[in-house]
Amino acid sequence: MEELQKALQDRGLTVTGLPEKGRCLYTTKDFYPGEVIISQEPYVCVPNNSSSISRCDGCFASSNLKKCSACQVVWYCGSNCQKLDWKLHRLECQVLSRLDKEKRKSVTPSIRLMLKLYLRRKLQNDNVIPSTATDNYSLVEALVARILFELIIWFNQFGLVLCFSYNKSLMPAFFNNLFGKDMSDIDEKQLLLYAQMANLVNLILQWPEISIKEIAENFSKLACNAHTICNSELRPLGTGLYPVISIINHSCLPNAVLVFEGRLAVVRAVQHVPKGAEVTGARMMAAVASCFEILILMELEDWKEALAYCQLTIPVYQRVYPQFHPLLGLQYYTCGKLEWFLGDTENAIKSLTKAVEILRITHGTNSPFMKELILKLEEAQAEASYKLSSKDE
């Protein structure tokens with residue numbers, strides 16, 4: 001903790017423990033809207049690959065991919081990403097290659113995240129890859145673990161499959177011993193999920209020095225602390241563990257927001273955060289239903305209906321989210337694109353202008369996404385100017 005405090009001190013931050021909240025991130029200087037408070041590369045991360053889509057393990061790209069010929073699980077977009085990831089994937093490749101074809105199908109993103117957690121710890125312990133004050137396994141050990149509730153959510157979210165059959169009558173006693181408490185109130189399905197977790201080591205890593213209880217606790221930590229890595233439009237790409245970022249508590253009235261630049265997690269102030277204030281973030285719970293509806297309408301090329309639905313959701317977003325929130329800004333962005341496409345340049349400029357005002361705070365101004373957005377706005381303004389001059393003639 002002392003090394004972490006020194007590293008954070010240089011960034012104008014400090015970690016404080018409060019009895020009612022646990023660890024919190026506080027400022028030791030003022031931060032202003034749009035200013036980066038802290039950024040961090042993931043300790044471990046994985047793309048959310050599935051049977052329908054695959055992504056590069058290095059950059060999460062989804063094109064020009066080639067599968068690792070040895071493990072047949074991991075994909076790369078090119079030699080550069082493969083080389084950068086080789087030290088870690090070399091060990092992962094070895095353990096995955098031991099599995100037969102059928103068992104490899106059970107290697108979900110959540111299992112890979114756990115594998116990479118232990119493999120990275122080993123590489124740092126062996127000094128193969130460096131450890132720093134903000135990048136070491138002790139930060140993972142310090143994370144909060146809630147074994148029961150969040151772990152069940154985690155397993156359900158990723159749809160883990162069982163690799164072995166069990167004598168179900170033995171399960172209650174097994175989990176009573178594992179967690180040191182009466183587990184009789186946990187139903188059979190939940191016990192089966194715990195059983196999957198308990199067999200992770202024996203099935204893949206085969207490291208007897210790692211206890212089942214330790215793995216269970218780390219799954220719980222992932223459930224509580226892992227972040228969904230999204231692109232600039234908040235579309236999910238993967239999952240990552242950012243131990244320092246995870247210290248930030250959530251608030252319904254946040255003073256900061258988390259976005260991703262590639263795999264880099266970036267926390268920016270969305271209002272003035274004075275010296276001595278706690279840094280709080282918003283849960284990035286996208287409005288799934290409305291976004292999904294708009295995407296379907298756009299897939300059907302029903303542009304007018306998509307625009308109408310988008311315009312309908314903006315007042316709701318304004319009530320639900322703070323003034324500077326990525327979801328609100330992106331809704332204006334989508335609205336502006338649709339308006340421009342349908343020839344309503346005047347309203348497109350208004351929507352894109354509002355999008356820029358919000359997203360320049362949440363996303364910064366130097367990302368490729370923001371440069372593209374600003375270019376769109378300038379093109380729309382130029383088109384409106386041309387139309388106006390043509391009418392005058």
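This is a predicted model: local features need pLDDT of at least 70, side-chain atom pairs count only at pLDDT 80 or more; totals for chains, interfaces and linings use all residues.
The axes of helices H3 and H5 come within 10 Å of each other and cross at roughly 125°.

**Exercise 1.** Classify the arrangement of H3 and H5, roughly perpendicular or oblique, and list the residues in contact.

Solution. 
- Step 1. Take the crossing angle of H3 and H5, which is roughly 125°.
- Step 2. Apply the cut-offs: 65 to 115 degrees is roughly perpendicular, and over 145 is roughly antiparallel. H3 is therefore oblique to H5.
- Step 3. List the contact residues. H3 contributes Lys87, Leu88, Leu91, Glu92 and Leu96, and H5 contributes Arg112, Leu115, Lys116, Leu119, Arg120, Lys122 and Leu123.

**Exercise 2.** Carry out the classification for H5 and H11, and state which residues meet.

Solution. 
- Step 1. The axes of H5 and H11 are 11 Å apart, and the packing angle is about 115°.
- Step 2. The roughly perpendicular class runs from 65 to 115 degrees, so H5 and H11 count as roughly perpendicular to each other.
- Step 3. The crossing of H5 past H11 is right-handed.
- Step 4. On the H5 side the residues are Ser110, Leu113, Met114, Leu117, Tyr118 and Arg121; they meet Glu214, Ile215, Asn218, Phe219 and Leu222 of H11.

**Exercise 3.** Describe the largest nonpolar core: which members touch the most others, and which element supplies the largest share?

Solution. 
- Step 1. The core has 39 residues, and those touching the most other members are Leu96, Leu117, Tyr118, Ile204 and Leu205.
- Step 2. At least two core residues come from each of strand S4 (44-47) and helices H3 (86-97), H5 (109-125), H6 (137-141), H10 (200-205) and H11 (212-225).
- Step 3. H5 gives the largest share, with eight residues.
- Step 4. Another core of 31 residues lies apart from this one; Leu234, Leu330, Tyr332 and Ile361 are among its members.
- Step 5. For background, nonpolar side chains in soluble globular proteins tend to be buried together.

**Exercise 4.** Is Lys376 buried or exposed, and what does its side chain contact?

Solution. 
- Step 1. Locate Lys376 in helix H16, which spans residues 368-392.
- Step 2. The relative accessible area of Lys376 is 18%. The cut-off for buried is under 20%, so Lys376, at 18%, is buried.
- Step 3. The side chains of Lys376 and Glu372 are joined by a polar contact of 2.8 Å.
- Step 4. Leaving out residues up to four places away in sequence, Lys376 touches Tyr333, Lys337, Trp340 and Leu352.

**Exercise 5.** Phi is positive at Phe60 and at Gln72. Where does each residue lie, and what is its burial class?

Solution. 
- Step 1. Phe60, a residue other than glycine, has phi near 70°. Phe60 is in the loop between S4 and strand S5 (66-67).
- Step 2. The relative accessible area of Phe60 is 3%, so Phe60 is buried.
- Step 3. Gln72 is not a glycine either, and its phi is about 60°. Gln72 is in the loop between S5 and strand S6 (75-76).
- Step 4. The relative accessible area of Gln72 is 40%, so Gln72 is partly exposed.

**Exercise 6.** Summarise the whole protein: how many helices and strands are there, and what percentage of residues is buried?

Solution. 
- Step 1. The secondary structure comprises 16 helices and 12 strands.
- Step 2. Of the 393 residues, 49% are buried.
- Step 3. Consider contacts between residues at least 6 apart in sequence: 64% of these join residues at least 24 apart.

Conventions: Residues are numbered from 1 along each chain as its sequence is written. Side-chain values use heavy atoms; hydrogens and water are left out. A nonpolar core is a set of buried Ala, Val, Leu, Ile, Met, Phe, Trp, Tyr and Cys residues joined through side-chain atoms within 4.5 Å. Buried means under 20% relative accessible area, exposed over 50%, partly exposed in between (1.4 Å probe, protein chains only). Helices (H or I, at least four residues) and strands (E, at least two) are DSSP runs, numbered from the N terminus. A polar contact is a pair of N or O atoms within 3.5 Å; within protein, one must be able to donate a hydrogen and the other to accept it, and residues adjacent in sequence count only if both atoms are side-chain atoms. Contact means heavy atoms within 4.5 Å. Axes are lines fitted to C-alpha atoms, for helices over the stretch in contact, and angles run from 0 to 180 degrees between N-to-C directions. Angles under 35 degrees count as roughly parallel, over 145 as roughly antiparallel, 65 to 115 as roughly perpendicular and the rest as oblique. A crossing is left-handed if the near helix is turned anticlockwise from the far one by less than a right angle, and right-handed if clockwise.
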